[in-house]
Amino acid sequence: MAVHLGDVAPDFTAETTEGTVSFHDWIGDSWAILFSHPKDFTPVCTTELGAFAKAKPEFDRRNTKLIGLSVDPVDSHRDWAKDIEDTQGQALNFPVIGDPDHKVADLYDMIHPNALDTLTVRSVFIIGPDKKVKLTLTYPASTGRNVAEILRVLDSLQLTADYQVSTPVNWNDGDDVIIAPAIPDEEAKVKFPKGFRTLRPYLRLTPQPNR
Ligand code: BEZ
């Protein structure tokens with residue numbers, strides 16, 4: 001069944017390259033990113049896992065854990081990890097789930113048979129400390145993901161979880177944000193003491209409040 005925004009992320013216990021993981025316990029008080037790749041020992045996937053591993057300090061800084069997945073078994077992930085380190089110059093530093101029986105892939109609807117027969121597509125689920133799904137992305141096998149975009153959207157999700165704001169098109173951490181239209185001007189003056197610009201009554205911009 002499809003997993004929708006706002007749903008509680010399905011819980012599971014699975015074998016990973018770092019031992020058995022009980023998903024919700026493993027998330028704990030952190031944010032988490034569960035992402036699938038189609039197959040071990042394939043080119044785009046090799047670049048993706050290397051890039052996510054390189055960016056791990058950035059995810060750590062955002063209190064966010066990474067966990068990968070494909071329908072290959074854990075032994076295959078471990079063998080492939082040597083190639084990732086050799087070719088991408090970065091060792092894997094987060095767990096990768098082995099899911100040969102598709103248990104987790106089916107829970108998260110990661111197999112799209114019209115795209116790839118029995119392999120997982122490139123799914124991304126960002127999950128909050130409340131274990132609810134905050135963002136989903138789906139890419140085809142032919143298109144590698146963009147780590148910078150995933151960090152960017154994580155910044156937006158974490159900011160908008162704490163403040164009554166939203167982030168405009170192409171927003172990056174540090175840019176002005178939009179005050180929720182439901183907040184009256186008088187209240188906005190108190191909540192956003194750095195001030196705001198009113199372009200339209202429904203479009204008011206303020207400096208990022210947590211900076
Ligand atoms: C790749 O990672 O390059 C890939 C994986 C599965 C199917 C096609 C391409």
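A: Buried residues make up 45% of the 211 residues in the protein chain; buried means under 20% relative accessible area, with a 1.4 Å probe and protein chains only. This is a predicted model: local features need pLDDT of at least 70, side-chain atom pairs count only at pLDDT 80 or more, and totals for chains, interfaces and linings use all residues. Residues are numbered from 1 along each chain as its sequence is written, and side-chain values use heavy atoms, with hydrogens and water left out.

The chain has 7 helices and 11 strands. These are DSSP runs, numbered from the N terminus: helices are H or I with at least four residues, strands E with at least two. The C-alpha atoms fill a box of roughly 60 × 35 × 35 Å, taken along the principal axes.

Now the pocket. On a 1 Å grid over the protein atoms alone, a pocket is an open set of points where a 1.4 Å probe fits, with protein on both sides within 12 Å along at least five of seven lines. The largest pocket has a volume of about 220 Å³, which is the space filled by probe spheres set on the points.

Its lining has 13 residues, each with an atom within 4 Å of a point. Arg 62, Asp 155, Gln 158, Asp 173 and Asn 210 lie nearest the centre. By type, the lining divides into 5 nonpolar, 3 polar and 5 charged residues. Asp, Glu, Lys and Arg count as charged; Ala, Val, Leu, Ile, Met, Phe, Trp, Tyr, Cys and Pro as nonpolar; the others, Gly among them, as polar.

Helix 6 (residues 147-162) gives the most to this lining, with 5 residues. Domain 1 (13-144) and domain 2 (163-206) each supply at least three; the domain bounds come from an automatic or database assignment.

Note on methods: Buried < 20%, exposed > 50% of the residue type's maximum accessible area, 1.4 Å probe, protein only.
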